[in-house]
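Trainee: I am new to this structure and would like to know what stands behind the words used for it.
Mentor: Have a look first, then ask.

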Amino acid sequence: MNQIALLGATGSIGTSTLDVVRAHREQLQLYGVSAHRDWQKLATICQEFTPNVAILSDESVAAKLDRSAFPAETELRFGADALCDLAVEKPVHTVVAAIVGAAGLASSYEAAKAGKRLAIANKETLVVAGPLVMAAARESGAELLPVDSEHSAIYQALKSGEHREVAQVVLTSSGGPFRQKSAAEIKAATPEEALNHPTWDMGPKITIDSATLMNKALEVIEARWLFDLQADQIDVVVHPQSIVHSFVEFQDGSVIAQLSPPDMRLPIQYALAYPERWTAVAPRMDFKTACQLDFSPPDLERFPALQLGFEVARRGGSSGAVLNAANEVAVSRFLRGELSFYDIEKVCRQILDQHDFSPTPTFEELVALDDWARKETILWKS
Ligand code: NAD
Ligand code: MG
């Protein structure tokens with residue numbers, strides 16, 4: 001029985017993970033779950049799955065919640081430190097990192113150090129601290145299984161050859177809600193328009209990242225560390241149907257892709273079942289109906305945030321932590337109506353240029369830079 005700690009159980013990835021657990025109860029068991037504030041939703045999850053541990057990472061919730069809404073067998077814990085403690089607990093075999101933002105970093109890092117299987121949706125972990133997390137996993141023997149659909153596709157396609165035989169990987173991007181909009185229309189985009197994603201139903205932060213293409217920028221950085229690639233081995237192509245989840249091109253010119261309808265339950269299940277493959281919980285391809293797959297290069301002028309991903313993947317060091325923190329704050333300021341759509345890229349670039357670059361930062365230095373970049377971005381005016 002695979003005992004799972006699901007960190008971020010109430011979010012979009014959390015909900016899809018629960019579907020996978022429901023469909024494979026003989027193999028999977030929820031040992032622990034977490035939410036930040038939504039104790040009612042977490043209580044409903046606990047009523048169904050009776051995990052050993054439930055965490056509310058916002059400590060202040062302790063004073064408000066109704067203990068009787070949770071099963072008596074479930075131990076309640078509070079605060080961010082509880083996430084790290086759960087991630088390393090002995091019975092836990094797999095940690096599903098489904099928290100949004102750098103708030104998910106510490107628990108992912110602990111899981112990697114403790115030799116757990118880390119099913120990683122929280123791409124910010126690798127953007128901020130890719131080299132440290134990968135080194136920790138190498139040392140402890142932890143298996144890192146990507147949940148991001150593109151990286152799951154690459155992980156699967158890479159099995160067709162040796163690492164030294166890889167020419168490049170090409171990440172696909174739906175293009176987001178503004179794929180066909182003019183620069184002027186994008187400039188005036190409202191939060192409502194940006195939150196309306198054409199192919200994926202996700203949490204608000206990653207949905208805005210998908211509209212700016214910052215999500216793809218973060219994924220370029222994620223791929224750089226996860227697969228030990230050079231920045232110039234990574235490319236991006238726009239593919240509006242979101243059926244081909246990425247490509248790996250080998251030196252002989254062969255291109256291997258992974259295809260499936262857009263549904264996160266497949267990459268989540270793959271990460272939990274690996275190295276096995278289990279019966280699908282997500283819908284499968286239907287080749288009896290005509291279907292079209294389109295590909296075109298991304299437009300860096302209308303989507304300048306994507307360029308930041310290539311630059312940060314090339315530079316490494318402390319730049320991922322700074323880009324990520326600035327982006328997290330800029331996205332929440334955009335959602336509050338304080339910044340315009342293109343301000344997100346503008347502030348990220350400025351904070352990145354201003355920061356005191358370090359080529360080999362420690363974990364503590366990354367946390368300090370994250371804090372600095374957040375403060376600068378809160379004060380930034382266009
Ligand atoms: P979401 O906003 O729907 O859910 C976030 C979860 O994290 C919730 O359970 C919430 O309670 C918890 N959380 C929020 N702030 C927290 C904090 N400060 N401390 C601890 N927990 C906190 O987000 P999501 O769309 O599920 O995305 C989760 C992660 O997965 C992100 O890193 C995202 O980039 C990645 N991802 C998501 C998708 C998708 O389809 N949703 C696809 C690929 C990758
Ligand atoms: Mg993705």
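Trainee: In which helix does Val20 lie?
Mentor: Val20 lies in helix 1. Keep in mind that this is a predicted model.

Trainee: Why is Val20 called buried?
Mentor: Buried means under 20% relative accessible area. Val20 has a relative accessible area of 0%, so Val20 is buried.

Trainee: How far apart are Val20 and Tyr270 in sequence and in space?
Mentor: They are 250 residues apart in sequence, and their C-alpha atoms are 10.0 Å apart in space.

Trainee: Turning to the ligand, how many residues surround ligand 1, and which are the closest?
Mentor: Ligand 1 is surrounded by 23 residues, and the closest are Thr10, Ser12, Ile13, Glu124 and Gly203.

Trainee: What makes the pair between Thr10 and ligand 1 a polar contact?
Mentor: A polar contact needs a pair of N or O atoms within 3.5 Å. A polar side-chain atom of Thr10 is 2.8 Å from an oxygen atom of ligand 1, so the pair meets the cut-off. With Ser12, a backbone N or O atom lies 2.9 Å from an oxygen atom of the ligand, and a polar backbone atom of Ala121 is 3.4 Å from an oxygen atom of ligand 1. Those two pairs therefore count as well.

Trainee: How much of the accessible area of ligand 1 does the protein cover?
Mentor: On its own, ligand 1 has 840 Å² of accessible area, and the protein covers 86% of this.

Trainee: Which elements give two or more residues to the shell around ligand 1?
Mentor: They are helix 1 (12-23), helix 5 (123-140) and helix 9 (204-212). By type, the shell residues divide into 12 nonpolar, eight polar and three charged. At least three residues come from each of domain 1 (2-146) and domain 2 (152-316).

Trainee: Now the strands. How do you know that strand 2 and strand 3 pair?
Mentor: Two strands pair if there are at least two bridges between them. Strand 2 (residues 28-35) and strand 3 have four bridges, in the parallel sense, so they pair. Gly32 has Val53 in strand 3 as its bridge partner.

Trainee: Which residues of strand 3 point which way?
Mentor: In strand 3 (residues 53-56), Val53 and Ile55 point one way, Ala54 and Leu56 the other way, and all are buried.

Trainee: What makes strand 6 covered on both faces?
Mentor: Arg117 and Ala119 on one side of strand 6 (residues 117-120), and Leu118 and Ile120 on the other, are all buried. Strand 6 runs parallel to strand 5 (residues 94-97), joined by four bridges. The bridge partner of Val96 in strand 6 is Ala119.

Definitions and conventions: Residues are numbered from 1 along each chain as its sequence is written. Chains are lettered from A and ligands numbered from 1 in the order in which they are written. This is a predicted model: local features need pLDDT of at least 70, side-chain atom pairs count only at pLDDT 80 or more; totals for chains, interfaces and linings use all residues. Side-chain values use heavy atoms; hydrogens and water are left out. A residue is near a molecule or strand if one of its heavy atoms lies within 4 Å of it. A polar contact is a pair of N or O atoms within 3.5 Å; within protein, one must be able to donate a hydrogen and the other to accept it, and residues adjacent in sequence count only if both atoms are side-chain atoms. Accessible areas come from the Shrake-Rupley method with a 1.4 Å probe; for residues, only the protein chains shown count as cover. Ala, Val, Leu, Ile, Met, Phe, Trp, Tyr, Cys and Pro count as nonpolar, Asp, Glu, Lys and Arg as charged, and the others, Gly among them, as polar. Domain bounds come from an automatic or database domain assignment. Buried means under 20% relative accessible area, exposed over 50%, partly exposed in between (1.4 Å probe, protein chains only).
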